[in-house]
Each structure stands twice: as structure tokens, then as C-alpha cells.
Amino acid sequence: MDYNRGEPSTSKECACEAERLLHQAAQTNSADTMNRLVAAADVWGRLAQAAAVREAADRDRDAEQ
């Protein structure tokens, strides 16, 4: 994922980041670190949902044109 390209992340990119963070949380021995990683994964999951809605709206708009 390139945060500098100025384009919104795709739902797939966001979902992959959420999955990566959850996997990392499962590997840690620190409860505090695990909690932070799970919270971050939740944010990325919500971003994935928002991106999916945006992508669907873009597809619908393109189909109407």
C-alpha cells in the first residue's frame, strides 16, 4: 500500500491490512500490544467497508453513463 500516491485505498488493500494486524496480534505475548493491534485492525476493517461502499457507488455511476 502506498500512502503517498494520493489515491484512496481499495477495499481489498484495507482488508489485507486488517488481516495482517490480526495475525500479528495473535503472535504477540503482550496483552497491551494485542489490544492495540486488534483496535487498529478494527479501524482497517471499517475502512474496508467504507471503501467497498465507495467502489460499489463508483461501479453504479459508471454503469449509468
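## Buried face of helix α2

In helix α2, the buried residues are L37, A41, W44, A48, A51 and E55. This comes from a predicted model. The buried residues of α2 pack against α1, which covers residues 11–27.

Helix α2 itself runs over residues 31–64 and has 34 residues. From its first C-alpha to its last, α2 reaches 50 Å. That is close to the 50 Å expected at 1.5 Å a residue.

## The nonpolar core

The largest nonpolar core has eight residues. They are C14, A18, L21, A25, L37, A41, W44 and A48. Helices α1 and α2 each supply at least two residues of this core.

A48 also shows its contacts beyond the local sequence. With neighbours within four places in sequence left aside, A48 is in contact with S11, C14 and A15.

## Nonpolar surface

L22, M34 and V38 make a nonpolar surface patch of about 230 Å². L22 lies in helix α1. Its relative accessibility is 44%, so L22 counts as partly exposed.

A57 lies in helix α2. Its relative accessible area is 43%, so A57 is partly exposed. A57 and H23 are 34 residues apart in sequence. In space they are 31 Å apart, C-alpha to C-alpha.

## Salt bridges

The whole structure holds five salt bridges. One of them joins the side chains of R20 and E17, at 2.7 Å from N to O. R20 and E17 are three residues apart in helix α1, so about one helical turn separates them. The two partners differ in cover. E17 is buried, with a relative accessible area of 15%, whereas R20 is partly exposed at 43%.

D42 and R46 are four residues apart, about one turn of the helix. D42 is partly exposed at 39% relative accessibility. R46 is exposed, with a relative accessible area of 53%.

D58 forms a salt bridge with R61, with the closest N and O atoms 3.2 Å apart. D58 is partly exposed, with a relative accessible area of 29%. R61 is also partly exposed, at 43%. The pair lies three residues apart in helix α2, so the separation is about one helical turn. Salt bridges with shared partners join D58, R61 and D62 into one network.

Technical notes. Residues numbered from 1 in each chain as written. Predicted model: local features only at pLDDT ≥ 70, side-chain atom pairs only at ≥ 80, totals over all residues. Heavy atoms only, no water. Expected span 1.5 Å × (residues − 1). Buried < 20%, exposed > 50% of the residue type's maximum accessible area, 1.4 Å probe, protein only. Contact = heavy atoms within 4.5 Å. Core = buried A, V, L, I, M, F, W, Y, C linked by side-chain atoms within 4.5 Å. Patch = residues over 30% accessible without salt bridge, like charges linked within 9 Å, V, L, I, M, F, W, Y side chains within 5 Å. Areas by Shrake-Rupley, 256 points an atom, 1.4 Å probe, with all protein chains shown as cover. Salt bridge = Lys/Arg side-chain N within 4 Å of Asp/Glu carboxyl O.
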